[in-house]
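Here is a short briefing on one structure.

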Amino acid sequence: MRYKILFTSKNNYDLLENWIKKFSNGNLPGIINLDLGSKNTHYVSGKKICKKYNITFIEAERTEFQENIKQTFNHLSKLNIDYLLYLHQDCFPIEVDTFDKINDLIDNYQVSDFGCIGFNVYHDIEIKKLDKANLIPMTTSRCILQKGNGYYMRYPKGSKVNYKKFKKDQPFKAENVMWTALLLSQKSFFKNIKIDRRFNFFLSPDDMAYQFLSKGINNVVFPNIHFIHDQSVKTKFNLPKDSPIGKATEVESRYGKFIGIEDLWIKKWGFIFNPKKNIDLFNNKYLKFICLRLFPKFYSSLETEGRCTYKNSNSRNKFFDEFYNHDPKHGPIKYIYPRNEI
């Protein structure tokens with residue numbers, strides 16, 4: 001295949017092995033695992049697991065996500081491979097031919113000049129509850145600058161995005177992608193990304209997306225390729241379901257700096273990366289629960305902190321404005337192939 005899968009691991013090789021066991025008999029691309037500084041016992045067991053499943057085991061030179069991408073691409077360049085698919089160990093392909101579809105995507109579309117390439121992700125839904133016979137667009141984009149709830153998603157009811165107006169399976173431009181499954185081009189990465197080590201894990205892929213977007217490079221979504229991000233899997237291996245949950249020191253041990261990165265983001269990009277409502281009252285979990293069930297359209301229409309801070313920002317960008325001014329409910333949806341809109 002024309003790409004390899006990248007996993008990054010730190011003291012969680014049982015989670016990686018769980019992923020591999022599910023797909024070891026399928027048509028998998030080659031897999032690379034970067035170890036981010038596991039403790040000795042985990043490091044040793046991780047090497048054994050990688051050897052068992054023919055996974056390339058590499059020690060990460062640094063822990064920051066963008067540095068991980070750079071190191072992996074440098075490794076792949078020696079193999080004449082130009083693409084990588086970054087996956088979380090709790091993010092799984094839904095269809096048996098998913099990885100073949102991604103290879104066909106690289107073969108048949110001119111994707112080398114795109115930025116972040118994303119897919120349709122069933123986010124935070126348990127695998128056992130998934131209806132594989134009826135796959136529909138679920139969560140396809142992180143859109144902090146646009147009207148709505150900060151995501152292109154089918155839930156909660158009343159989310160601003162209107163999937164009924166999307167052409168079936170048609171790839172489209174996105175402000176940002178759901179990066180639990182993220183395809184990247186080596187050419188575009190090295191041409192457009194300036195490594196920012198301040199974002200270790202949290203917000204680091206998002207920073208890449210906005211670096212691309214700030215230069216007019218399209219981030220795109222191919223909604224006919226489906227993954228499921230089942231975070232409940234982590235709880236079976238003594239990890240919190242949601243990455244930020246737990247003591248700050250434990251979170252930072254697993255994922256790098258967490259507290260304070262919002263301040264770094266707003267200084268760099270001029271807006272808050274936050275889909276919370278600008279009126280704090282509506283962020284109360286009980287009121288939010290009531291609104292989403294009784295007044296979903298009203299709740300979705302409320303302005304977010306991201307939009308309000310960007311509106312008054314001194315560092316607005318014409319390519320960001322294109323999405324700030326875009327209404328995901330009424331369009332126009334910006335398709336890539338063919339180049340038409342509705």
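The side chain of Lys-234 reaches the backbone oxygen of Lys-241 at 3.0 Å. This is a predicted model: local features need pLDDT of at least 70, side-chain atom pairs count only at pLDDT 80 or more, and totals for chains, interfaces and linings use all residues. Residues are numbered from 1 along each chain as its sequence is written, and side-chain values use heavy atoms, with hydrogens and water left out.

**Lys-234**
- Lys-234 sits in the loop between β11 (219–229) and α7 (248–255).
- Beyond four places in sequence, its contacts (heavy atoms within 4.5 Å) include Leu-15, Asp-90, Asp-242 and Tyr-255.

**Nonpolar cores**
- A nonpolar core is a set of buried Ala, Val, Leu, Ile, Met, Phe, Trp, Tyr and Cys residues joined through side-chain atoms within 4.5 Å.
- The largest has 54 residues; Leu-182, Leu-184, Tyr-210 and Phe-271 touch the most other members.
- Helix α6 (residues 204–214) gives the most to this core, with 5 residues.
- Apart from it lies another core of 43 residues, among them Leu-85, Tyr-122, Leu-130 and Ile-228.
- Leaving aside neighbours within four places in sequence, Tyr-210 is in contact with residues including Arg-142, Glu-175, Trp-265 and Phe-320.

**Second largest pocket**
- The second largest pocket is lined by 14 residues; Gly-158, Ser-159, Lys-160, Val-161 and Asn-162 lie nearest its centre.
- A pocket is an open set of points on a 1 Å grid where a 1.4 Å probe fits, with protein on both sides within 12 Å along at least five of seven lines; lining residues have an atom within 4 Å of a point.
- Helix α10 (residues 296–301) gives the most to this lining, with 3 residues.

Methods: Buried means under 20% relative accessible area, exposed over 50%, partly exposed in between (1.4 Å probe, protein chains only). Helices (H or I, at least four residues) and strands (E, at least two) are DSSP runs, numbered from the N terminus. A polar contact is a pair of N or O atoms within 3.5 Å; within protein, one must be able to donate a hydrogen and the other to accept it, and residues adjacent in sequence count only if both atoms are side-chain atoms.
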